[in-house]
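Dear colleague,

Here is the structure I promised to hand over, followed by notes on what was found in it. Please read the notes with the model open beside them.

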Amino acid sequence: MDNKWWKKSVIYQIYPKTFQDTNGDGIGDIPGIIAHLDYLEELGIDAIWLSPVYCSPQEDNGYDISDYQDIDPIFGSLNDMDRLIAEAKKHHIRIIMDLVLNHTSDEHFWFQEALKGKDNPYHDYYVWRDGVEGCPPNDLTASFGGSIWQWVPELGQYYMHQFSTKQPDLNWSNPKLRQALYDMINWWIDRGIEGFRLDVIDHVGKVPDEKIMVNGPKLHDYIREMSASTFGKAGLVSVGETWSATPETALLYSNPDGSEMSMVFQFEHICLDQDPDGTKWDLRPLPLLQFKEVMNKWQTELHGKGWNSLFWDNHDLPRIVSRWGNDSEEYREVSAKMLATLLHGMEGTPYVYQGEELGMTNIPLPSSIDAYKDVETMHAYRVLKARGWSEEKILQSLCAKCRDNARTPMQWNDGPQAGFTTGTPWMPVIPNYTTINAASQVHDEDSVFSYYKKLIHLRKETPVIVDGAFEMLLPEDEEIFAYRRTDDSQTLTVICNFYGNERRIDADSLVPKGSRLLLSNYKDMEEADLLRPYEARMYLK
Ligand code: TEU
Ligand code: CA
């Protein structure tokens with residue numbers, strides 16, 4: 001096994017806006033992260049992936065950057081960032097920054113200059129097409145609504161934006177733009193940043209004239225050039241966000257020769273609980289057999305030749321316990337632990353999204369759209385209305401899937417505003433903070449927090465979890481997710497009852513003789529052949 005630190009590590013994602021406010025303005029900030037480094041060290045994570053804290057008009061909560069080399073005053077200052085890097089290091093925690101390189105904010109200096117004229121040196125940093133007003137170059141639509149083409153009357157040109165109109169796409173075919181991005185990345189590396197998450201990196205090689213948005217012909221050349229000029233050269237960790245990834249492309253992205261990135265986030269499993277011909281709002285229950293096939297495929301096809309990332313949640317996704325677990329009072333903890341066991345026994349680098357380690361839930365079904373704030377949610381509301389959906393049906397769908405679910409304040413304690421702020425939080429706290437919060441879990445051995453802590457430690461102590469070969473057990477079973485990991489000296493067996501009913505199994509045939517129970521989400525094993533609701537077990541031999 002090679003000694004890359006991130007192969008034995010767990011990375012924790014922080015969405016700074018809702019992690020911890022320290023000055024009462026209702027918005028989380030960098031000093032708030034520094035204040036919780038003890039908590040994160042206690043959990044045992046090795047690195048923080050920090051969602052964007054750069055200067056931004058916050059159209060898309062920081063994924064619209066107006067200055068890559070400064071911190072938005074709502075989050076603090078560059079000085080605070082330097083302090084975070086230094087303090088985190090004392091806690092043995094590395095800082096991974098989010099790089100949004102496919103687009104900037106329209107308020108970025110480069111775009112402001114680009115608007116000044118076709119011969120401005122920054123004009124070609126963005127994607128422009130001449131056209132006739134009212135006739136965009138093609139009919140492609142943007143993620144957050146409307147055409148990807150926005151008319152600028154002063155220039156008689158359209159600029160391209162795959163997300164909101166306030167997020168103009170950068171033109172990666174311009175080598176000057178690419179170099180400017182690499183210089184910026186190196187400036188952060190010099191400040192002590194130890195890794196990067198690359199937002200929608202599979203989009204940067206777009207060829208709009210051929211309607212190619214992802215996996216453009218130059219994509220891998222660009223990534224290799226960037227890596228060789230920046231994080232790859234420095235030997236840092238890098239993770240690409242790639243909704244289009246297949247195991248085949250992931251083998252390129254995460255080639256162990258280090259020429260591209262360390263790993264990518266793939267979303268095949270994440271898209272299974274939607275109508276395959278529809279959008280994420282067209283709900284369907286998770287098809288367990290298909291889910292098992294997908295996980296099996298990624299585990300086996302990347303083994304030894306690439307590297308997986310493992311995640312349930314991030315700032316764009318609903319909370320896993322509400323999604324594929326059971327967030328009722330009775331089963332919330334046990335199902336959150338089951339899902340954690342299922343994921344943390346696999347090969348790859350696990351990511352924990354803030355609050356996941358507490359079993360934080362989705363926002364309860366709201367009575368009106370006013371409960372939500374996200375630009376994607378607002379767009380979806382208009383689209384679904386136009387489809388003729390009832391208010392009730394729309395809200396149910398948004399409740400299940402919208403990104404706001406992940407963006408409520410972190411639940412620190414049962415005091416006012418869950419301890420997140422002394423002011424009014426920019427996003428309301430979920431009322432269940434009185435029972436689901438960090439303060440009540442950190443010292444409770446049976447809490448979801450303590451369970452995550454154990455899983456994180458197990459990865460460090462158990463080589464087979466890091467790089468053992470994966471084998472799916474009971475592939476045809478419609479209720480149980482079970483698998484085995486093996487290397488030369490160890491065998492790990494993971495058995496999870498995915499649902500809330502009891503199930504009989506033949507433990508002897510699944511668990512090798514001489515194995516011991518490493519971890520379980522139930523206190524006492526009553527009967528080896530009986531799995532209780534959401535029961536999860538991890539055995540080691
Ligand atoms: O997300 C990529 C992306 O395509 C999302 O819009 C995704 O499809 C959606 O959230 C799922 O419904 C990244 C960031 O993670 C996201 O927060 C940004 O809004 C987006 O890029 C634009 O930068
Ligand atoms: Ca604040």
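Helices (H or I, at least four residues) and strands (E, at least two) are DSSP runs, numbered from the N terminus. This is a predicted model, in which local features need pLDDT of at least 70 and side-chain atom pairs count only at pLDDT 80 or more, while totals for chains, interfaces and linings use all residues. Residues are numbered from 1 along each chain as its sequence is written, chains are lettered from A and ligands numbered from 1 in the order in which they are written, and side-chain values use heavy atoms, with hydrogens and water left out.

I begin with the helices. Gln299 is found in helix 8, which covers residues 288–302. With a relative accessibility of 2%, Gln299 counts as buried (buried means under 20% relative accessible area, exposed over 50%, and partly exposed in between, with a 1.4 Å probe and protein chains only). Leaving aside residues up to four places away in sequence, Gln299 touches Asn308, Leu310, Met346, Glu347 and Phe470, where contact means heavy atoms within 4.5 Å.

Helix 10 (residues 332–344) is mostly covered, as twelve of its 13 residues are buried; among them are Arg332, Lys337 and His344. Its end C-alpha atoms lie 18 Å apart, which agrees with the 18 Å that 13 residues should span at 1.5 Å a residue (the expected span being 1.5 Å times one less than the number of residues).

Two packed helices are described by the angle between their axes and the distance between the axes. For helix 11 (residues 375–386) and helix 12 (residues 391–401), the axes come within 10 Å and cross at roughly 145 degrees; axes here are lines fitted to C-alpha atoms, for helices over the stretch in contact, and angles run from 0 to 180 degrees between N-to-C directions. Helix 11 contributes Thr377, Ala380, Tyr381, Leu384 and Lys385 to the contact, and helix 12 contributes Glu391, Ile394 and Leu398.

Turning to the sheet, eight strands form an open sheet with parallel pairing, in the order 11-10-9-5-2-1-13-12 (two strands pair if DSSP finds at least two bridges between them). Its edge strands are strand 11 (263–265) and strand 12 (309–310), each of which pairs on one side only. Strand 5 (residues 94–99) pairs with strand 2 (residues 47–50) over four bridges in the parallel sense, and four bridges also join strand 5 to strand 9, again running parallel. Ile96 of strand 5 is the bridge partner of Trp49, and in strand 9 the bridge partner of Ile96 is Gly195. Gly195 in turn has Val237 as its bridge partner in strand 10.

Is Ile96 buried or exposed? Ile96 is buried, with a relative accessible area of 2%. Although Ile96 and Phe196 are 100 residues apart in sequence, their C-alpha atoms are 4.9 Å apart in space. Strand 9 (residues 195–198) is covered on both faces, with Gly195 and Arg197 buried on one side and Phe196 and Leu198 buried on the other.

Ile27 and Asp29 are both buried.

With best wishes
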